[in-house]
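Hello,

Here is the structure I promised to pass on. My notes on its salt bridges follow below.

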Amino acid sequence: MGLKSGPEGAKAVFKEKFATSFQDFRTLAQVRECVGVARVQTLVVVDGNVLVMQIPKTVTTFQGYVEVVSTILHGAIQAGEHVVVVFDEPENLTRAKQEEQAKRDARREPQTPLCSDDVARPCPTDDSYDREELEASTTNVNLMVKNHRKTRPRLYDALFVAVLEHFRNTFAGQECAWSLTFDGVDKRGMDRPVDAPRVLGLLSSHPDVWEPILTRETPIGEGDLKLTDVCHRVHKARETHPESKLAEVRLNMLSTIDTDSFMIELIAQARRETRKDTSNNELTLLCLREPSRKRKNDADSTPAHYTCVDMEAFYGNIMTYMFGSQHLKPEIEARKPLVALLLSASIALCGCDFVEL
């Protein structure tokens, strides 16, 4: 949902005061190479809602969506052997998120053309559509994504079933090691009957590995919170199953655009810093996708890239700023997690949907 933006927003202030924590890269693979770890040591967690919403409006067909999403996720697979895409769970969202979504929907709905009954509709407006209508070249999938929230669950399920099948076909017979998991979709895709409730769970190329790790007793509604939850669960799996391939993971890359993640990951880093054996911690990088920006003067234009935040350095810089020193007595050192919470609450008060509601 995002924190306050603009020149005085959280992101701008962080970049100004803690510049040594930030660095820009064109691709996620370049990020990993800069850190100096192998693909097998890298976990990439992608915000699936952001992934779908960033597809340009010029892409209107279902097949076009499959191709663009596959291209983006191929970049993630090049960066890390293990890729997990996480989604919001509408049934488990907070009231604040639900109200913010309702405001967005009210703004977007007028963009869909109104048609009489004798004219084919440009896209479905609810959940009652079939595979033939979804895959028709005349169906505007972009309108379904941007304007009609009720159509999205079935669309997302079908889309990511198709994307996973694309990668299975692409890598068939190749030696490239990879795993791709979608956390928060119904793996039946378009095979779910129209009158059947959606059953959220995992869709994975390696369900035997990921289902034990990502099956939760208590659901997490927010995709933002899932980003860090996946990393935490992989860390626990490393400790309990040292023979697993996941035991090799040393780098977490979290791909999103939501600035909420600054504070979510700051608190998560505080938890990591209080582990008994911090030498076994993974390095976590928050990778914020930045769109290309064109200006009249080409020299002022910037290509699409990732603004990456080293959360260990970011946490250290913030604590030095808050306490005024890197050298603290043990009893003061113990207050750092509380300071992370205090700062997060303070920044939320500067502008955040939860506070305004």
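**Salt bridges**

E282 is buried, at a relative accessible area of 5%. Keep in mind that this is a predicted model. The partner of E282 is R238, and their side chains form a salt bridge at 2.3 Å, N to O. E282 sits in the loop between helix 11 (260-273) and strand 7 (283-290), while R238 belongs to helix 10, so the pair ties together parts 44 residues apart in sequence. R238 is buried as well, with a relative accessible area of 5%.

Helix 10 holds another pair. D229 and R233 form a salt bridge, with the closest N and O atoms 2.8 Å apart. Both lie in helix 10 (residues 223-240), four residues apart, which means about one helical turn separates them. D229 is buried, at 13% relative accessible area. R233 is partly exposed, at 22%. The cut-off explains the labels: buried means under 20%, so D229 at 13% falls below it.

There is also a network. Shared partners link E89, D183, R216, K226, D229 and R233 through salt bridges.

One more pair to look at is R188 with D186. Their closest N and O atoms are 2.8 Å apart, and they form a salt bridge. R188 is partly exposed, with a relative accessible area of 31%.

In total, the structure holds 17 salt bridges. The pairs above are among them.

Best wishes

How values were computed. Residues are numbered from 1 along each chain as its sequence is written. This is a predicted model: local features need pLDDT of at least 70, side-chain atom pairs count only at pLDDT 80 or more; totals for chains, interfaces and linings use all residues. Side-chain values use heavy atoms; hydrogens and water are left out. A salt bridge is a side-chain nitrogen of Lys or Arg within 4 Å of a carboxyl oxygen of Asp or Glu. Buried means under 20% relative accessible area, exposed over 50%, partly exposed in between (1.4 Å probe, protein chains only). Helices (H or I, at least four residues) and strands (E, at least two) are DSSP runs, numbered from the N terminus.
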